[in-house]
Amino acid sequence: RIFAGNLGNTGYARSTDNGASWAPAVNLAPANFFLMDQVLGNDRINTSPSLAVDLSTGPYAGSIYVVYANNSNHDGEDIVFQRSTDGGSSFSAPVRLDSRPGSDRAQWFPWVTVDKDTGRVYVHYLDQGIASSGDLSEATTVFSDDGGTTWSRPMPVTDRPFKAGWG
């Protein structure tokens with residue numbers, strides 16, 4: 001992450017020689033965004049992005065996927081996804097994955113992974129959009145079978161929410 005006061009961005013640096021040298025880092029988001037607010041019931045925040053590479057033999061093999069939390073809508077955070085289909089030379093415009101970006105509550109701790117057999121992209125995150133106040137949270141997942149072009153509806157991972165501040 002690249003920080004400037006209460007604004008930040010997600011940076012990406014590329015190496016084409018197995019890490020012997022690196023191109024200068026570039027910002028993925030088109031503009032710096034407000035950093036994550038403290039989440040009610042959570043004693044820590046994570047501003048780190050998550051990155052995964054499609055190692056399947058499917059049509060999106062080699063694609064690079066990045067997710068991070070972005071608070072430019074001032075609703076706690078939204079989960080943002082970007083992809084590269086050219087080895088990290090460029091990335092798509094940011095796409096918000098949570099159900100009501102900008103009009104719900106915090107989503108945080110995003111993680112992206114790719115099924116090595118099917119190429120399905122999964123994004124998991126914690127979500128307080130289930131309630132209008134308090135620390136009720138749930139673990140949520142979305143998936144894409146077309147390299148991140150379209151996404152499933154957000155779905156809870158477990159059958160009941162939990163209190164983020166308990167334990």
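Author: Let us begin with a term: a residue is buried under 20% relative accessible area, exposed over 50%, and partly exposed in between, with a 1.4 Å probe and protein chains only. This is a predicted model, in which local features need pLDDT of at least 70, side-chain atom pairs count only at pLDDT 80 or more, and totals for chains, interfaces and linings use all residues. Residues are numbered from 1 along each chain as its sequence is written, and side-chain values use heavy atoms, leaving out hydrogens and water.

Reader: Why does L55 count as exposed?

Author: L55 counts as exposed because its relative accessibility is 69%. L55 is located in the loop between β6 (50–53) and β7 (64–70); strands here are DSSP runs of E with at least two residues, numbered from the N terminus.

Reader: How many helices and strands does the protein chain have?

Author: The protein chain has 14 strands and zero helices. Of its 167 residues, 38% count as buried.

Reader: Which residues make up the largest nonpolar core?

Author: A nonpolar core is a set of buried Ala, Val, Leu, Ile, Met, Phe, Trp, Tyr and Cys residues joined through side-chain atoms within 4.5 Å. The largest one here has twelve residues, among them A52, Y65, F81 and V112. Two or more residues each come from β7, β8 (78–84), β10 (107–114) and β11 (121–127), and β11 gives the largest share, three residues.

Conventions:
Helices (H or I, at least four residues) and strands (E, at least two) are DSSP runs, numbered from the N terminus.
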